[in-house]
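Here is a short report on a sheet and the helices around it. The structure comes first, then the reading.

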Amino acid sequence: MVFVKIVYHPMMKESYDSTPAGATGRLDSAIQALSSVHGYKCIEPEPATQEQLLRAHSSQHIESVKRESESRYGGRLYDVALLAAGGAIKSARIAARGEPCFGLIRPPGHHASYDGYWGFCYFCNMAVALLHLKAAGLIERAFVLDFDLHHGDGNVDILSRHNGFQIHNPRGRGDEEYLADVERVMENMQEVDIISASAGFDQYEHDWGGNLSTEAFGEIGRIIKRHSLEKCNGNRFALLEGGYNHADLGVNIRAFCNGLR
Ligand SMILES: [Zn+2]
């Protein structure tokens with residue numbers, strides 16, 4: 001039996017900013033749903049280092065996140081953001097040895113670009129993670145499936161400055177059309193060493209996007225698993241991005257992870 005490792009730190013449970021992504025209680029149903037399933041193992045991350053952040057962001061960017069954190073949130077936001085980026089690295093490292101992994105992290109990251117941030121994001125967790133793997137010589141090429149409701153402009157901004165990264169934000173109204181788009185693009189991807197997902201659950205039918213069912217998230221997980229086994233020794237991981245239906249976020253993440261494992 002293959003287990004999905006869950007990278008999570010208790011500091012992420014408490015609110016760290018005033019955005020919907022940082023709201024109190026947002027991760028509670030996920031912690032509940034994943035801890036009640038046999039076969040999930042929780043791993044705590046360490047904070048990302050400056051060297052690791054600087055692969056994706058300018059030093060001015062890091063300083064401005066730190067300033068915002070100190071002036072508005074007593075420094076807490078910066079500490080949690082470092083843990084999220086560190087959690088992304090940990091998830092990617094686990095995946096690079098063929099073990100499926102889900103980073104239950106926040107703040108999200110896919111709207112943070114090289115030199116700016118918005119959309120509840122501060123550091124681009126996915127870019128920090130993939131650029132770490134590349135610098136460590138663990139991968140050359142990666143595919144990123146960004147299934148958040150919103151286009152991951154930060155992932156694109158940072159990763160398109162480097163060779164070897166393919167990114168796709170699927171489209172489609174309803175499960176069938178959306179999953180067909182995911183399948184078509186993944187079928188045609190170029191050679192990769194790892195498949196990753198910016199896993200936003202705000203496409204959910206009872207969330208902002210009003211689009212996908214819980215079963216669709218499970219199917220996305222299964223499609224990623226199948227292609228990773230065919231193309232890159234099963235190397236696969238996902239990082240939490242959006243998802244604002246607090247009650248159902250847990251069942252949706254669990255459905256996705258059950259597909260991914
Ligand atoms: Zn989103």
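Strand β4 (residues 142–146) and β6 run parallel and are joined by 5 bridges. Within this pair, Phe143 stands opposite Ile195 of β6. The model is a predicted one.

β6 also pairs with strand β7 (residues 236–240), again in the parallel sense and over 5 bridges. Here Ser196 faces Phe237 in β7 as its opposite residue. Phe237 of β7 also has Cys101 standing opposite. That contact belongs with the parallel pairing of strand β3 (residues 101–103) and β7, which spans 3 bridges.

The pairings can be set side by side.

| Strand pair | Sense | Bridges |
|---|---|---|
| β4 and β6 | parallel | 5 bridges |
| β6 and β7 | parallel | 5 bridges |
| β3 and β7 | parallel | 3 bridges |

**The whole sheet**

These strands belong to an open sheet of 7 strands. The order is β2-β1-β3-β7-β6-β4-β5, and the pairing is parallel. β2 (40–43) and β5 (165–168) stand at the edges. Each has a single partner strand, so one side of each lacks a neighbour in the sheet. From one strand to the next, the twist averages 20 degrees.

**Strand β6**

How many of the 6 residues of strand β6 (residues 194–199) are buried? The count is 6 of the 6, so the strand is largely enclosed by the rest of the structure. In a regular strand, side chains alternate between the two faces of the sheet. Both faces of β6 are covered. Ile194, Ser196 and Ser198 are buried on one side. Ile195, Ala197 and Ala199 are buried on the other.

Helix α5 (residues 125–135) lies across β4, β5, β6 and β7. Its direction makes an angle of about 165 degrees with β6.

**Helices α7 and α8**

Two packed helices are described by the angle and the distance between their axes. For helix α7 (residues 174–187) and helix α8 (residues 214–231), the axes come within 11 Å and cross at roughly 10 degrees. Angles under 35 degrees count as roughly parallel. α7 and α8 are therefore roughly parallel to each other. Their crossing is right-handed.

Which residues make the contact? From α7 come Asp175, Tyr178, Leu179, Val182, Glu183 and Met186. α8 supplies Ala216, Glu219, Ile220, Ile223 and His227. By class, the residues of this contact of α7 with α8 are 7 nonpolar, 1 polar and 3 charged.

Conventions:
Residues numbered from 1 in each chain as written. Predicted model: local features only at pLDDT ≥ 70, side-chain atom pairs only at ≥ 80, totals over all residues. Axes fitted to C-alpha atoms, helices over the stretch in contact; angles between N-to-C directions. Helix = DSSP H or I, 4+ residues; strand = E, 2+ residues; numbered from the N terminus. Parallel < 35°, antiparallel > 145°, perpendicular 65-115°, else oblique. Left-handed = near helix turned anticlockwise from the far one by under 90°. Contact = placed C-beta atoms within 7 Å. Nonpolar A, V, L, I, M, F, W, Y, C, P; charged D, E, K, R; others polar. Buried ≥ 20, exposed ≤ 12 C-beta atoms within 10 Å, placed from the backbone. Pairing = 2+ DSSP bridges.
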